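Biologist: I have a structure to look over. Can we go through it piece by piece?

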Amino acid sequence: MATLSEIRSLLGEPRFNWSDAVPWVEMEREFGIEFPADFREIVNAYGSIQINGQFYLEHPAGHLLHSLRETIRGDLEMWREEDMAEFLPSPVGSKPGELMPVASATTGEWVFLRVPDGSSSPWSVLVQELDSPAWTLHEMTFSDWLLAYLRGEDVTVCSRNFAPDRPFYEPLS
């Protein structure tokens with residue numbers, strides 16, 4: 001699993017550095033899921049940001065204009081609609097095998113965490129391309145997926161054209 005220091009070496013020093021677990025506990029209770037530790041660690045470090053002017057990552061703190069909790073609520077509702085559900089290989093939600101929407105890109109991709117089938121099974125990342133019925137399952141943790149994205153590797157959301165020199169981020173305001 002990629003470490004926060006590997007991500008920090010490519011993306012730069014985080015400025016958010018959140019330590020209060022309350023927003024996570026409340027969100028996890030609402031959605032009936034415990035998000036993976038690597039995802040929480042990255043989001044707590046960076047907060048609500050846009051990476052490479054393309055990829056949106058949000059924190060669940062309620063005082064933020066761009067709150068992961070609010071975004072997930074809306075995204076679950078949208079992806080549960082009959083005409084949207086057909087674009088995914090599994091239903092959205094928090095049960096084993098279901099998909100939890102956690103991020104999106106300006107280029108039309110949606111990033112989901114696939115809930116493990118069992119307690120010893122790993123999390124994986126699914127990327128859906130909204131402009132087509134295509135989706136790709138990446139059998140890797142969120143931190144590994146994000147690190148590959150930051151390196152410019154093809155993980156469905158590609159950063160090469162958006163960050164030709166090096167990855168960067170800006171806080172969402």
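Modeller: Start with a term: rings of Phe, Tyr and Trp (its six-membered ring) pair if their centres lie within 6.5 Å; planes under 30 degrees apart count as stacked, over 60 as edge-to-face and the rest as tilted. This is a predicted model: local features need pLDDT of at least 70, side-chain atom pairs count only at pLDDT 80 or more, and totals for chains, interfaces and linings use all residues. Residues are numbered from 1 along each chain as its sequence is written, and side-chain values use heavy atoms, with hydrogens and water left out.

Biologist: Which residues form one aromatic cluster?

Modeller: The whole structure holds 12 aromatic pairs. One of them joins Phe55 and Trp145, tilted, at 5.4 Å centre to centre and 50° between the planes. One cluster is made up of Trp24, Phe35, Phe39, Phe55, Phe142, Trp145 and Tyr149.

Biologist: How many residues apart in sequence are the parts that Phe55 and Trp145 tie together?

Modeller: Helices (H or I, at least four residues) and strands (E, at least two) are DSSP runs, numbered from the N terminus. Phe55 lies in strand β2 (residues 55-57) and Trp145 in helix α6 (residues 142-150). The pair therefore ties together parts that lie apart in sequence by 90 residues.

Biologist: Is Asn44 buried or exposed?

Modeller: Buried means under 20% relative accessible area, exposed over 50%, partly exposed in between (1.4 Å probe, protein chains only). Asn44 sits in helix α3 (residues 37-46). Its relative accessible area is 15%, so Asn44 is buried.

Biologist: Beyond its neighbours within four places in sequence, what is Asn44 in contact with?

Modeller: Contact means heavy atoms within 4.5 Å. With those neighbours left aside, the partners of Asn44 are Phe16, Asn17, Trp18, Trp24 and His59.

Biologist: Is Asn161 buried or exposed?

Modeller: Asn161 is in the loop between α6 and β7 (169-171). Its relative accessible area is 74%, so Asn161 is exposed.

Biologist: Within what arc do the buried residues of α1 fall?

Modeller: In helix α1 (residues 4-11), the buried residues are Leu4, Ile7 and Leu11. They line one face of the helix, because seen down its axis they fall within an arc (of the directions from the helix axis to the C-beta atoms) of 65°.

Biologist: Which residues in α6 does α1 meet?

Modeller: What covers the buried residues of α1 includes α6. On the α1 side, Glu6, Ile7, Leu10 and Leu11 take part. In α6 they meet Ser143, Leu146, Leu147 and Leu150.

Methods:
Arc of directions from axis to C-beta.
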